[in-house]
Amino acid sequence: MSRHRNIRAMDYDEEYDEYFNNSYGQSVEEEFCISPGTEAQFMYNRRGNTSRDNNIGRYTRCDSESVEEVDEPVEDNLVSEHGVNANGTHNLSEEVNGLKQATKESKSDERSEMPHFEMEADFKDNHCVHNCKTSHFFITLTATYRKNLKRKKLYSRSQANQAAVDNKGKKPQDISAITDSFGRFAFGVQSDGGLQMSTKNADSLLKKPEVTPIKLSPPSKNRKPSPNRTPVPSTQPRKQPKADVNQMLLEQYRTERAQQKPLLNMVVIGHVDAGKSTLMGHLLYRLQYVKKKEMHRYETDAKNMGKASFLYAWILDETAEERSRGITMDIAQSQFETANRCVTLLDAPGHKDFIPNMITGAAQADVALLVIDATKGEFEAGFDSGGQTQEHTLLVRSLGVNQLGVVINKLDNVNWNQNRYDEIVRKLQTFLKQVGFKEDAVTFVPCSGLTGENLTSKSQVKELTDWYSGPCLLDVIDAFKPPDRLIEKPFRLCISDVFKGMGSGISVSGRVEAGGVQASQKLVVMPVAEQCTVKAICVNFSAEENRGVNSAFAGDQVTITLTGCDPNNITIGSMLCDALNPSPVTSVIEARIVVFHNIEVPLTKGFPVALHYKCLSESAVLTKLISQLNKSTGEVVKRKPRFLAKNSSAEVQITINRPICVELYQDYKELGRFMLRSKGATIAAGMITKIL
């Protein structure tokens, strides 16, 4: 304790003058090191008389019970607590009686939360009252009362004593500071030093000596604003109801898209080595979507690897593995425009090992291009001998594609032979009709992907123009009809890719299946029910061309940046949904399926399959064979069949390995279809009829 002074042995009069008189009891090094309550005990002036200071402390002593702040002014109650003569001055005797009566009533009322003052009996003695300066007393009383209301609690007895002692020896406070804070009163000071309160209705105050206790209540959230108060306009925009947001998006779609070219999502399918990537790469180069400098680099790299004929294919096959193996392994995406269409290109792999990736691309397509290799023996290998031509065609038709362009590629290898062209067309027309394509929805076009003949303009080769006068490939694409979009449905997007962008948040990509989305909209990721907020939207994967784009609609291929969510809960195959209308989640469905002709054994109860739904692939089991249907009319042929043979149709129950997001076919046609595969082959296609 060497750093503290010996307080008991000090001469207070000599040691502490002026400044130190206000800081008695504190340490030397630190200016504030003790509590205000302890400080108040040592702030007496030992040379003065402390009896009246103690009386003032008792007069201002109040309960330590905390009270709530009220909104209505309560200064009228302060007037009613003190008696006022007819001339506007205080009658202290009447004031004492009124205050004591108010104290008794407030103590008896258990519901009252208003603090009361405990008055001492010797307050009746006028000598004691007039010995203390009345103006100091009422100034201290008023200040203490205002602090209680403002800080929502009453001072303790020691704090009140401190306030009384602090005023001792100081000059009287300017009374105008108090009168300005109470708008209903006018305080004045008499010539003898007494406090005078003048009011317009002094007589009415004398008739009400009782104090009406005030019951404090918490502020109401639904409290109406005062009619005299001018409302302050809010700086935050008002949140619109969900119906207004959907209606606004619908009007925006009709306004913006009416002036733009219709959007088409086109998938390119066919047997491996049919020349799909070369054909579409050369088309992009002819349309000037690939710069000459880039094309020169592709040509040089292809020659160095001994694959000079792959230079156009490398426009779409960007990975090193695809270029080294010479095949497409994943969906390649690009965009181009025709005279009347805006096309999103999806180049699907043709190898049988990558059929799941091809299903992912076909599930996002509106139309399709089937590429055929016209070389002798190559067409037969892809069509007759278990190639991918038939399987790809079955898949796209089962997934809802009803417009098809058939490209007879590499016809220059047979010197543009018309007989070879007619032979291929004749076989394909019969097969496509069996699959379900209408004759007027299928267009055949001969061309060469490597030389570029009949791609963007009609060919000038005499061997071809002698017998063909039809459209070029670009005209066939431009003639495709855009499908109807589900703009009025709740928002749905099946996530096909998840990655971390340059900024904050997580980026997801996919095709908007239904509805619309805008920036700052609240969404939910199903089936994990992860809530998120749209930060940014990029349509068709081109950030430079989509600056300022803040909305996307059904049919758009988009990249959406999400914030406020856990990236670990967002996976490929999840469904990004409207927050108020999420997609249903289930692991058991009833569906109507069509069994293909390539199954090795009949389908029975408990048959394991792989269910492909949009970008998702899950293990599943046929748990029940409900009925066998007529393939043409859909009527029930047999109840509870024991097995399902090839080329048959049936209604079955499927149990999926884990819960997924699905939609009924009658509500969302694009989201109501799925495929069943087993042992590397597609065995059936189905439509969801019931969610269990």
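First, the ground rules: the model is predicted, so to speak of local features we ask for pLDDT of at least 70, side-chain atom pairs count only at pLDDT 80 or more, and totals for chains, interfaces and linings use all residues. Numbering runs from 1 along each chain as its sequence is written, and side-chain values use heavy atoms, with hydrogens and water left out.

Okay, the overview. We have 20 helices and 25 strands; those are DSSP runs, H or I of at least four residues for helices and E of at least two for strands, numbered from the N terminus. Of the 692 residues, 47% count as buried, and buried here means under 20% relative accessible area, exposed is over 50%, and partly exposed is in between, with a 1.4 Å probe and protein chains only.

Now, which residues touch the most other members of the largest nonpolar core? Those are Met266 and Val406, in a core of 78 residues. By nonpolar core I mean buried Ala, Val, Leu, Ile, Met, Phe, Trp, Tyr and Cys residues joined through side-chain atoms within 4.5 Å. Helix α18, residues 418-435, gives this core its largest share, seven residues. Domain 1 (263-478) and domain 3 (585-691) each put in at least three residues; the bounds come from an automatic or database domain assignment.

On to charges. The whole structure has 16 salt bridges, meaning a side-chain nitrogen of Lys or Arg within 4 Å of a carboxyl oxygen of Asp or Glu.

Take Lys410 and Asp373, at 3.6 Å, N to O. Lys410 sits in the loop between β7 (404-409) and α18, and Asp373 in strand β6, so this pair ties together parts 37 residues apart in sequence. Lys410 is partly exposed at 25% relative accessibility, while Asp373 is buried at 8%.

Then there's Arg677 with Glu391, closest N and O atoms 2.9 Å apart. Arg677 is in strand β24 and Glu391 in helix α17, 286 residues apart. Arg677 is buried at 7%, and Glu391 is buried too, at 14%.

By contrast, Asp466 and Lys462 pair at 3.3 Å, and both are exposed.

Last one: Asp366, Arg485, Arg511, Glu513 and Lys614 are linked in a salt-bridge network.
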